[in-house]
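Biologist: I am new to this one. Please show me how to read its features.

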Amino acid sequence: MSAPALTQRDLLELKRTWDTPRGFWGWVSSVDHKVVAIRYVVTAFVFFLLAGALALLMRIQLAGPENHFLSPDLYNQFFTTHGTTMMFLFAVPVMEAVGLYMVPLLIGTRNVAFPRLNNFGYWVYLMGGVLMFAGLFSNTGPDTGWFSYVPLAGPEFSPGKRVDVWAQMITFTEIAALVSAVEIIATVFKQRAPGMTFRRLPLFVWAMVITSFMVIFAMPVVATASQMLAMDRLIDTQFFNPAEGGSAILWQHLFWFFGHPEVYIIFIPALGMISAILPAMVRRPVFGHRALVISMIAVGFLSFALWAHHMFATGLPEGANMLFALTSGAIAVPTGIQIFCWIATIWSGRPRFQVPFLYVLAFFFLFIIGGMTGLLLAAVPVDLQVTDTYFLPAHIHYVLIGGAVFPLLGAITFWFPKATGRLLDERLGRWSFWLLFIGVNLTFFPMHVSALLGMPRRVYTYLPGLGWTLPNALSTLGSMVIAVALLVLLVNVARSLAAGQVAGDDPWHADSLEWTIPSPAPSYNYAVIPVVEGIAPAWERSESSPYVTGLSTTVREVLLTSVEDVEPESRHEQPGPTIWPFVAAMATTGLIYGLIFTVWAVPIGAVFVTIGLIGWAWPRRGHSPDEFAEHVAAITVEGA
Amino acid sequence: MIRRLGEVAFAVLAAACGGAPQSPLNPAGAEAREVLTLGAIYTALAVLTYVLVNTVLVLGLRRRRRTVLPEVPEVAPAEEDERRLGRKVRNAAIVTALILAVYVGATWAVEAHVTSSPSTRPITIQVTGRQWWWEMRYQDSVPSQTFITANELHVPVGRPVVMLLQSEDVIHSFWVPALNGKKDLVPGKTNRVVFTPREAGTFRGQCAEFCGFQHAHMAFDVVVESQDAYDAWVAAQRTPAPPPDDSLAARGQQVFLSKACPTCHAIQGARAFGSRGPDLTHVASRQSLAAGTLPNTRGHLAGWIVDPGRQKPGTRMPPNPMSGEELEALLAYLEGLK
Amino acid sequence: MSSRFPRRAGFAALALLALVACEREQRELRTPPSGAATVPTIRVGGIVPGPAGALPDSIPTGPAAEDRTSPYEENAYAISEGKRLYSWMNCIGCHGEGGGAIGPALMDQTWIYGGSPANIYATIVEGRPNGMPSFGGRLTDDDVWKLVAYVRSMSAQPSKAARPGRNDDMQTKKSEQRELRKATNESASPDGTRPQ
């Protein structure tokens, strides 16, 4: 889509205004949401590969009975770090990151609502991950499981600083997730292109908004719980000490109240990604837009009512067990509705079997297995036989890999051209897809078998003669296949970045707004803000479609629109690149790292954080009320 | 009818599993059988659903492959087609909700049944979990009739058993797949699990909640036997250890009492009252050592005593180096503790 | 964009961390089946150490006390195990939770027989007059050193990060981690009698 009202000179000016400055400090201080999001994605995948390497080592240990490849101490650190990294440092951040990249593009705006906060969030996330792995590499890796049950993780049974490293790492990732959530909600509510009502909002954006509300309700709970644990360990509080009125079960309630929505925080963006990919791949809009939105909202709400299904074995009152069995079963209905809508879309569309579509199809073949085992786990008496066995890793990996990672890889393949200007190689893509599909099934299906033969989870070894050796050996083999698949994927990405096929604006002939701008997306996203008239703007727009004029090319401005009618409301000046979010993030890092060792870190660290925040918030020249009125008057909608 | 189908199903499965001692697919108790029936039905339903949904998907994929494929997308699909599709999706959703309602109802029914209090007078056993072994305390209305054993349970066929579950340190989980689902041992509270064995045999239980370094090696044996055999076992367990019958065993008792052993272990009838480790009064009658980790043979016992950290690194039992003569005597003594 | 500086800084930081954290976080899960704790030949003032009479033959005498160093002074796991052993070996019976009862307090500044790790080791292994049993034949070397580390942690000798937090029991005192460091009175009074 060209920018009819802007000259070549205007475009150059716009580029100069919005580009990230060159050099190291320019890169550190960038407030371009795309730069920050790519950083997030790359970092998240580094953590993914590190956690995957740990998993490979664990599978080698479990390949045969009574192996001595890993000591119990090392194994405990590895499985804890694997789970914690995957959940906190990969899955949630990568979904947030794809959201931070795509949401402004999908709704027709130039940046997220709070550019400096976005930058801050990334550095906090990175330092949390650094803490985790610095811990692991210095023998201080947490070793009590990714959900760190007390009293095992408490002061008496976990000496040293390992669990404190875990508890404070949570703080970092929680801050970063809340930052992303706030960004997305504010951006989507106030910065949509005119005409993009909620009924026309792309499903991926809906998914990210719902996820963001869930983050706001769930993350503070785990942050509070982890600080309670840290306090029990550091300053003798009694939250989880039954002998002094505390409760070991309290930890589980607090953790799982966060922990269950957490997996849906990972899952719902993936549902949005499927809906984003399908229209281009089957040549029709997704069937049942409204049903899908309502289902996603229902899943979001219901996910907060399921948490005690992780605690069926702890001896809750039977009434509680029954209630949570009901809600856990109920969530299958909105999930099922979404699956039916997608199948209806595919049924009535004309599919093209390109790599993103393959990843979407794999969702149906993998996630549904996980969904079915999930229903088995919702049935309390059956759960009591299979929970805390290898049935659980089997279930979670089918739902997380099938339900989140596969759609994610499809989305990355789909949006790679928009971010880089080049397409991923289709042939290598097919190879990595099939290797991954086979590897995942070979690794995780046999776990159902060893579970039904009685193998508990989180065991560093097992005795021979129980029938567990063969399933474990198969799983280990499968994990090697997964490793090869990921290697092929990495090679694909590297080669395509260097010399991949040039993509052009719209290689997939897709329906959403981001395909109307050049690839790679320019720093300012949209040279002119489009006016949206339907649910598939890229398919519906033409040369004579309306657009907005009046935004400055020399000042960073975004258009704010009203929430309900999406009429232009005002122009909002955004800050440019600045080092202060980085400074504040480093000060925050120092505070939280110090909190592992002493509570004095709080008052001392607060001083530095305050300095960082003062620098951040230092007032800049703003507009007078007359200038402001003039600005609002200058916005026009052309061609409507 | 359903019950018969279920019975056939798990008979087949049990045969397929070759009598696995630690498998929920090989139930020996009333509760485990009910749960397996329910689980088998649910699994069949799950497989059916998976096949159905994915068949529809595959059919949908094949449907319009042969039509000419222009690049122009169908921006506004025909309303009548959309309505028809809508009806199909709605019907599928309604069917899903109905099936789930029945599913949850059946879950409630079975759960209520397997957790109901036993009708006949049960045997009550208090289990205390510690890192990384199990203390079993058989209760009795007459206090002098209670006795303590470790890492092995005996129960008679046909009589309900109530396990009272407590923990001395961290959260453990008591799980005998052949008999019933698991229940956690949570410090600060007493949980309860009930099972009713229906078949004789030897089964295995294992801790099912991560509890530290040797969670992997925290198992126990469950022997389900006839009422007579059970009564004989109980009578034997209630008797304290007799004095050693030969000089080697007497020397062994001397070794036991002079080393660190009584600090943690108890032997009723000898002057050993430790309570930090398993009660050893009838250790020779047990099937395994070290919480189900090692077979109870002379060689394994010797290795365990001298260097427990070799089998269970991180164990609380310290190494006990001693001369060959002392070890021989000690083994002779311990082997007499039937 | 120059990326060498952050990478170098990162490696340096990791190396530093490795040095600092390693000792505290080591978990020695398998102690070699060493001999029973050996009894050092040390004399403190005029007091005759250990039980009256000759030491049993099976307990060999070892190197001089001054040569003994604690392998676990800064090891969090060992100190925590020492805390467990303190309870399991019933040190509580005479010394309470460190405040003393029929035995002397262990969390204060006064050490009748010396407060260095080697001294405490000798006290535990040899026993002392007026009721301190000799644990020489009952504990391995390793376990004695764990107890030594724990006893010292009661007066905050090891660093704060290595000392244990509270137990999951009824609380009777501040956790060792929150104790303020107390100076040790390492030597006994000249005539060996208990200081007033």
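Modeller: Start with charges and rings. A charge counts as sitting over a ring if NZ of Lys or CZ of Arg is within 6 Å of the ring centre and within 35 degrees of the ring normal. Keep in mind that this is a predicted model.

Biologist: Which ring does the charged end of A:R192 sit over?

Modeller: The ring of A:F198. The charged end of A:R192 is 4.1 Å from the centre of that ring. Now look at A:R458, which lies over the face of A:F147. Here the distance to the ring centre is 4.2 Å.

Biologist: And two rings together? How do I read those?

Modeller: A pair of aromatic rings is described by the distance of the centres and the angle of the planes. Take both values for each pair.

Biologist: How many aromatic pairs are there over all chains?

Modeller: The count comes to 73. Planes over 60 degrees apart would count as edge-to-face.

Biologist: Are A:Y462 and A:W468 buried or exposed?

Modeller: A:Y462 is buried, at 1% relative accessible area. A:W468 is buried as well, at 2%.

Biologist: What about the rings of B:W134 and B:F174?

Modeller: Their centres lie 6.0 Å apart, and the planes meet at 80°, so the pair is edge-to-face. Next, find the strands. B:W134 belongs to strand β2 of chain B, residues 133–138, and B:F174 to strand β6, residues 172–174. The pair therefore ties together parts that are 40 residues apart in sequence. B:W134 is buried, with a relative accessible area of 0%. B:F174 counts as buried too, at 2%.

Biologist: Which residues form one aromatic cluster with A:F24?

Modeller: Among them are A:W25, A:W27, A:Y40 and A:F47. The cluster also includes A:Y122, A:W123 and A:Y125, as well as A:F582.

Biologist: Now a whole chain. How many helices and strands does chain C have?

Modeller: Five helices and zero strands. Along the sequence, the pattern reads α-α-α-α-α.

Biologist: What share of chain C is buried?

Modeller: Of its 196 residues, 46% are buried. For the surface, chain C exposes about 9800 Å², and carbon and sulfur atoms supply 58% of that area.

Biologist: And which share of its contacts joins residues 24 or more positions apart?

Modeller: Count the contacts in chain C with a separation of 6 or more; residues 24 or more positions apart account for 64% of them.

How values were computed. Residues numbered from 1 in each chain as written. Chains lettered and ligands numbered in written order. Predicted model: local features only at pLDDT ≥ 70, side-chain atom pairs only at ≥ 80, totals over all residues. Heavy atoms only, no water. Helix = DSSP H or I, 4+ residues; strand = E, 2+ residues; numbered from the N terminus. Buried < 20%, exposed > 50% of the residue type's maximum accessible area, 1.4 Å probe, protein only. Contact = heavy atoms within 4.5 Å. Areas by Shrake-Rupley, 256 points an atom, 1.4 Å probe, with all protein chains shown as cover. Phe/Tyr/Trp six-rings, centres within 6.5 Å; stacked < 30°, edge-to-face > 60°.
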